[in-house]
Amino acid sequence: MTDLQRMHSDLVGRLDVSETVRVAFADHPRHRFIPDLVWPDIQGLPLIRSADPERWAAYVYDDDAVVTQANDGGSGAVNHPSSSSSAPQLMADMIGAAGIEPGMRVLEIGTGTGWNAAILSSLVGPTGSVTSLEIDPKVAGRASKRLTGTPVKVVHAAEPPTGDSYDAVIATCAVSRVPVSWLGELGPEGRIVVPWGPSSDSHASPVAVLEKTGPTSAAGPFVCEAFFMRDRTQRVPSGDFPGMDCESEGTRVMPFTAADLTEDDRVTRFMLMLPGVRIGIGMRPFSGDVGLIIYLGTPDGSWAYLWPDGATHGGGPTDLVERLRAAHALLAGEGWPALTEFSLEADLAEGVCRVTAPFGSWEHAV
């Protein structure tokens, strides 16, 4: 029989955290919050705990995220994740970035399984509070049951309750527009820890730690790489795949390959430096890592592909190949700065987010 408590202890032991946070994780075994039905594969049927308990346990106690709902609870040819339990180390990193301490009032955006909320409740203690917002009624209902016995308040809504004030906001979903309601409920010295990506189809959503700079503005550094599901109120259809049925208008060979751009999560930094450009990673079938492809697209119909050998094809009114080359030259010239050298300023009144680094600034309309 699988020893779930031992597996949980092993997971907690692998975390790079303070002893206080480690104890909070230890207090709430992950398997108690994960449903019996999970979705480990992008295609095919879900994994049912009773059918394969050992595989279920191995999936739950891996170091990665656990997908607990696909396609908003519906069906489809592809299992698009729509609710999950986040990767434990990423949870710990975000909790640390928020500076959670006893007595704090915390607002969580995206309850999911309830595991993160339970850990937060242990950290804030009896003098603090945790309010967790969940847009999906079924997910909210299941989380409420699992959180029985904790002081966590689960709210089924798209917006946080009005009239409350919080010392920290932690979002477990990605946004491009930081909602005004989050800022409005944040205390004067509070922090918003939020995954950010300029569009619904962003390749990644790195985590930023923002502090209020005005009634409708906040700013702060990016602290770590991440990929979160999009806030359901901000989803936008991505449209056709870039360059579909289009003839290439030219070929160039770059001094770098698609694999070079994925090294050390470099694609995230390109995303931050290319406003208005949809950028993603594809792969040639049956080619393994040597078949990586970078694709780019813009709303005006421009498109470009960077192939495994450094060759490019593209077309449309915007020269995306040149924009990619220029961004690569700037990053290479700066010695490939880390993500933590970039910061985000959200100006909700102007409807823009500005990404800045010591060597440049890029304005994203959101």
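1. Basis. This is a predicted model: local features need pLDDT of at least 70, side-chain atom pairs count only at pLDDT 80 or more, and totals for chains, interfaces and linings use all residues. Residues are numbered from 1 along each chain as its sequence is written, and side-chain values use heavy atoms, without hydrogens or water.

2. Asn79. Asn79 sits in the loop between strand 3 (66-70) and strand 4 (81-85); strands are DSSP runs of E, at least two residues, and helices runs of H or I, at least four, numbered from the N terminus. Asn79 counts as buried because its relative accessibility is 6%; buried means under 20% relative accessible area, with a 1.4 Å probe and protein chains only. Its side chain reaches the backbone oxygen of Asp41 at 3.0 Å. Beyond four places in sequence, Asn79 has contacts (heavy atoms within 4.5 Å) that include Trp39, Ile42 and Ala70.

3. Helix 5. Of the 10 residues in helix 5 (residues 115-124), 9 are buried. Among them are Trp115, Asn116 and Leu120.

4. Largest cavity. A cavity is a set of points on a 1 Å grid over the protein atoms alone where a 1.4 Å probe fits but cannot get out; lining residues have an atom within 4 Å of a point. The largest has a volume of about 50 Å³. Helix 6 (residues 137-146) gives the most to its lining, with 3 residues.

5. Second largest cavity. Its volume is about 40 Å³. The lining includes Met91, Asn116 and Phe228. Asn116 is also one of the buried residues of helix 5.

Terms used. Buried means under 20% relative accessible area, exposed over 50%, partly exposed in between (1.4 Å probe, protein chains only). A polar contact is a pair of N or O atoms within 3.5 Å; within protein, one must be able to donate a hydrogen and the other to accept it, and residues adjacent in sequence count only if both atoms are side-chain atoms. On a 1 Å grid over the protein atoms alone, a cavity is a set of points where a 1.4 Å probe fits but cannot get out, and a pocket is an open set with protein on both sides within 12 Å along at least five of seven lines; lining residues have an atom within 4 Å of a point. Grid points are joined across faces, edges and corners, and a volume is the space filled by probe spheres set on the points.
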